[in-house]
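This report describes one protein chain from computed geometry, moving from overall dimensions to selected local features.

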Amino acid sequence: MIKKRVVVGLSGGVDSSVAAYLLVEQGYDVIGMFMKNWHDDSVTISNECPWLDDSNDAMIVAQHLGIPFQTIDLSKEYKERIVDYMFAEYQRGRTPNPDVLCNREIKFDVFLDAALKLGADFVATGHYCRKGEIQENGKIIYQLLAGRDNNKDQSYFLCQLTQCQLSKALFPIGELTKPRVREIARKIDLITASKKDSQGLCFVGKVHLPDFLQQRLEPKKGSVIDVPAAAPIFKNGKYDTDLAHVVEPYSFEPGSGKIIGEHNGAHYYTIGQRKGLNIGGFPEPLFVIGTDTEKNLIYTGMGEDHPGLYRTGLFILSREEHWIREDMKLNDGESAKYLARIRYRQKLQSCTLHKKNEGLYLVFDQPQRGITPGQFAAWYDGEELVGSGVIN
């Protein structure tokens with residue numbers, strides 16, 4: 001029997017190392033490949049995640065496992081598809097999620113293409129998620145399922161994958177917990193067994209965001225306006241039945257509050273942010289509750305429970321709506337109950353999706369903190385991630 005070939009994305013971390021080991025054990029013909037993505041030392045926090053060290057660790061793991069290894073330079077594609085997109089989104093006053101994009105545009109697109117050219121049947125990653133299959137009318141439908149480890153479930157990061165991409169994907173550690181993965185790595189003497197988990201942009205390392213953004217988005221002084229919790233704006237649409245009003249972001253004006261300080265550029269800030277304002281003297285911490293990049297204004301609210309931090313719903317434009325399970329896609333006028341999250345690690349929240357011609361209205365049973373334009377909302381049917389979309 002001819003072995004199925006799998007190209008595993010070896011990142012130099014413990015998760016992908018154990019993923020490669022498990023595939024070898026399962027009898028696959030495994031090739032390890034390290035992705036060199038865009039790297040800029042001027043904005044990377046020193047020595048937090050140097051790609052060269054990661055590449056060397058990946059190579060040592062491949063040698064240890066006795067599998068072929070190569071490095072692929074995807075810097076050009078990463079810059080065009082991820083970095084340029086991030087700059088454009090921040091300029092618009094939105095907060096993008098590079099990890100979700102990296103999976104859609106790099107790992108399961110450019111990297112997948114490179115793997116197929118090597119004769120691969122599948123690509124594999126060290127994500128904590130699982131893949132399921134069901135049959136309907138003689139056709140296989142692929143499912144993206146949450147990882148068994150509730151603390152590490154990474155299905156959210158893959159919320160933009162398609163049926164075609166999922167058909168070629170393997171997630172070897174999806175059934176395992178993180179402690180078990182480390183245990184396996186120690187048992188077989190992998191160099192990555194005790195290595196810290198990388199943080200920061202996908203395959204890039206920890207980036208100091210203001211420095212990164214200042215490469216193209218010029219610092220520009222503007223006012224910080226504090227909006228009191230009792231402001232009339234927070235009562236608007238609270239008991240509204242009009243979906244557009246229910247999900248509408250707060251529309252702040254300079255007169256909504258009083259000026260309490262200065263900032264260096266509205267595009268450097270995101271909703272829910274606390275650090276980086278550098279404004280003291282208040283009885284409770286200040287949080288960003290709104291930004292206006294056109295007028296270069298930031299709006300803040302005082303305290304964890306400020307109403308400006310909470311909203312009942314969100315809207316996703318039709319063109320930015322994505323269904324992994326295309327067979328479950330809602331038609332105009334239809335509604336359905338789901339569980340949703342608006343960021344990685346957030347507990348799943350009950351909600352109702354309402355499909356209209358212009359897009360998807362997602363209304364939560366309970367108000368949610370920090371609904372941020374540019375981020376992804378993902379909805380689940382139990383443990384299956386069904387679809388996602390960019391928050392408008």
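The sections below treat the chain as a whole, then a sheet, a helix and a histidine.

The model is predicted: local features need pLDDT of at least 70, side-chain atom pairs count only at pLDDT 80 or more, and totals for chains, interfaces and linings use all residues. Residues are numbered from 1 along each chain as its sequence is written, and side-chain values use heavy atoms, with hydrogens and water left out.

**Overall form**

The chain contains eight helices and 18 strands, where helices (H or I, at least four residues) and strands (E, at least two) are DSSP runs numbered from the N terminus. Its radius of gyration is 22 Å, close to the 21 Å that the globule rule gives for 392 residues, so the chain is as compact as a globular protein of that length. That radius is taken over C-alpha atoms, and the rule is 2.2 Å times the number of residues to the power 0.38. Of the 392 residues, 54% are buried, meaning under 20% relative accessible area with a 1.4 Å probe, protein chains only.

**The open sheet**

Five strands in the order β3-β2-β1-β4-β7 form an open sheet with parallel pairing; two strands pair if DSSP finds at least two bridges between them. Strands β3 (69-73) and β7 (169-170) stand at the edges with a single partner strand each, so one side of each is left without a neighbour in the sheet. Within the sheet, three bridges join β1 (residues 5-9) to β4 (residues 122-124), and Val-6 stands opposite Phe-122 in β4.

**Helix α1**

Helix α1 (residues 14-25) has 12 residues and reaches 16 Å from its first C-alpha to its last, close to the 16 Å expected at 1.5 Å a residue; the expected span is 1.5 Å times one less than the number of residues. Of its 12 residues, 10 are buried, including Val-14, Tyr-21 and Leu-23. Their cover includes β1, β2 (29-36), α2 (51-65), β4, β7 and α6 (178-187). Just after α1, Gly-27 takes a positive phi of about 90°.

**His-322**

His-322 lies in strand β13 (residues 321-323) and is buried, with a relative accessible area of 15%. Leaving aside neighbours within four places in sequence, its contacts (heavy atoms within 4.5 Å) include Cys-159, Thr-162, Trp-379, Gly-387 and Ser-388. The table lists two distances from its side chain to backbone oxygens.

| Side chain | Backbone oxygen | Distance |
|---|---|---|
| His-322 | Gln-160 | 3.2 Å |
| His-322 | Leu-161 | 2.6 Å |

Methods:
Buried means under 20% relative accessible area, exposed over 50%, partly exposed in between (1.4 Å probe, protein chains only). A polar contact is a pair of N or O atoms within 3.5 Å; within protein, one must be able to donate a hydrogen and the other to accept it, and residues adjacent in sequence count only if both atoms are side-chain atoms.
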